[in-house]
Amino acid sequence: MAALSWRHHTLIQSLLSRGPLKEDDFASIFSQLTVKNSGSRKQQERKLFNEYLKKINAEFSCVQLELRACRNQYDGHVYYGVVNNVEDDQSKLGTKYTVPQIAFYKGIVEAIIHDAEGEGCIYNTAALNIRLESQVHGATDSQSQGGAVQIPPAFKNFSMSQKEKTLDQLVNDQWLCSTPEGKIGIGVRSFLDLRSWFRTNEVPSCEVCNEAAIKPVIGMLTLPLYRVYSKGYLFFGSRLSGLAQLCPNEACNVRLHSYCLEKKFSGQRGEKVCSGCGTQLQGSTVKAELVEEITNADVHLQNSQQAESSRKRSRRSNREANADIDDTGDDSSLTSATMSKTKRVTRSSGRLTSSCKCCFSANGSLADFVVRCWMTSI
Amino acid sequence: MSYPPEIASQFDIPDLEKDKLVGEVIRYILFKTEQNSGCPIRREELTQLITAKGYKQRNFPSFVIDEAKSKLSSIFGYEMRELQRSRPSAAANTGRASQSQQSVGDAKSYIIISKLPSDVYGKFVEDKSSVHLSGLTFVVIGIIHLAGGKITEENLWHHLKRLGLHENEENHPKFSNTKQALEALVQQRYLQKEKVNGPEGNIVHYELAERALDAPIYDKIKEYVAQMVQKDATPLEYD
């Protein structure tokens, strides 16, 4: 394939330098770089845009990176960014955060996921009161056999002022966000890479769009620390959007995002039943406008991610060949805990084979279209 | 990716493996640059990355590093600039015949620099939220350049104070800890720092290091400083 031009390089470097960019901003950069005729049709421009992304991603494949789009679940805006695809020794370097800071971040995300209100955000004070000890595997396990769990001194000594500084830094770096109400929510960067994380952890996908569909997590959901190292990975429970549904039949693995459910059965007469077992499904509460908006975004993301499926198939076969995908050698206790607990809260993870019928995106996160975002600032 | 046969045949390693290794080196450079905020990456680190995997063939690390350089350019538009580490002039002169200030380096390192034209970079790539760091870098290098390439710590802070930066300030709205901000320039190899024994005790000197002395950067700094000095010296000529 021909080398990328300076225009491609500009797009790439803008994302690396400025971080995740809103769709409008990214599209504006693209327009300024490429539009020669002011009369270019929007459709032609979109086609060219997709070609650019495709070409960039083809070149990126050799370095396990990808340029993708993602929807911020708080404001609904689509963001573009460069995302890391692989957790390896190199990507573990890609963070300026220390281990306690990462543990703190994990704790915040889990608190958001487990928030009883299900609003997808928590108060600042709640974030600051998170204890890092809870991030140490087995530290809070009442079932432990009385064996002392070593809490690293750095965790114990992580002061309130350090928490405050870290919280500011995480918001500034867009790993977390500050909502208009002054609460702490998940940031754009954290939305990215959910897909990759879900893929790696065999989270079942939505029957319709093949995006990972996560039910509210019950119990402790631990995030592997190394995920954050790569600046991409973060898991998000569907409580943030409340849009994922499991089939009411416990024995059935089918799950759908609520908006996918709506889309699938819109215009159809008769009851909404599960395609796997025929059990009646509950209706979605998603507004029609949101469904339409997401459908439109679907088309775009589908066009820009067709290469993803072939990569996904190849990775899946590699994953099957390498049964132990959790072999990071780093924080393995947290990693294995994550794996086991993920398996416990999700059902059988055997159904990762369905191809995208609707939005055809990679391991998605929740109801929205997660795309990746990546490391910044070079 | 296929390599030229005459080169590929040197090493009895499948192309796929070479590709993978080149990819890892590129990823290492990108992630490490991010982690250490642009500090140069020693060639030794890259070599070790390759040899640690068991590849002991002579010249193979150089081959992989060259390939990584090429791909960083073609894929990302980054130049992988090689720097030669310079030693402080005081150390270079001690007990030896006098040397030029830029003594021969003993370690190669790399930084990545955008190859985009400066107007394109400024318009589409530059992160506006970190321009204050570029500004500080330019100002400090400019001061030391005007001081002849070397300046005492005290003198440097004297000049920085005139610009509103105080040595012991820890809550600067932009730099937080200003001393750490200056130290970062040492880590990034724009400056090097040395303690010299003097009649009044240890005196810390700052002088320009290899990154500031790298020709494209050094020439630009000289040009900008000259413009500013000339403008200040002859304001009426611009009317």
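The model is predicted: local features need pLDDT of at least 70, side-chain atom pairs count only at pLDDT 80 or more, and totals for chains, interfaces and linings use all residues. Residues are numbered from 1 along each chain as its sequence is written, chains are lettered from A and ligands numbered from 1 in the order in which they are written, and side-chain values use heavy atoms, with hydrogens and water left out.

**Exercise 1. Determine the strand order of the open sheet in chain A, and state which helices pack on the sheet.**

Step 1. Helices (H or I, at least four residues) and strands (E, at least two) are DSSP runs, numbered from the N terminus. Two strands pair if DSSP finds at least two bridges between them.

Step 2. In chain A, three strands make up an open sheet with the order E4-E6-E5 and antiparallel pairing. Its edge strands are E4 (121–122) and E5 (176–178) of chain A, each of which pairs on one side only.

Step 3. Two bridges connect E4(A) with E6(A), residues 184–186, in the antiparallel sense. Within this pairing, Ile122(A) stands opposite Ile184(A).

Step 4. Helix H4(A), residues 99–113, packs on the sheet and touches E4, E5 and E6 of chain A. Contact means heavy atoms within 4.5 Å. The direction of H4(A) makes about 90° with that of E6(A). For such angles, axes are lines fitted to C-alpha atoms, for helices over the stretch in contact, and the angles run from 0 to 180 degrees between N-to-C directions.

Step 5. Helix H7(A), residues 160–172, also packs on the sheet, touching E5 and E6 of chain A, at about 95° to E5(A).

**Exercise 2. Characterise the interface of chain B and chain A.**

Step 1. In the interface, 33 residues of chain B are in contact with 34 residues of chain A. The two chains bury about 2,900 Å² between them, 60% of it on carbon and sulfur atoms. Buried area is the accessible area (1.4 Å probe) that two parts lose on being put together, summed over both.

Step 2. The rule finds one salt bridge (a side-chain nitrogen of Lys or Arg within 4 Å of a carboxyl oxygen of Asp or Glu) across the interface. The side chains of Arg27(B) and Asp88(A) meet in a salt bridge at 2.9 Å, N to O.

Step 3. Several elements of chain B give two or more residues to the side that touches chain A, among them helix H2 (15–35) and helix H4 (60–76). H2(B) supplies the largest share, eleven residues.
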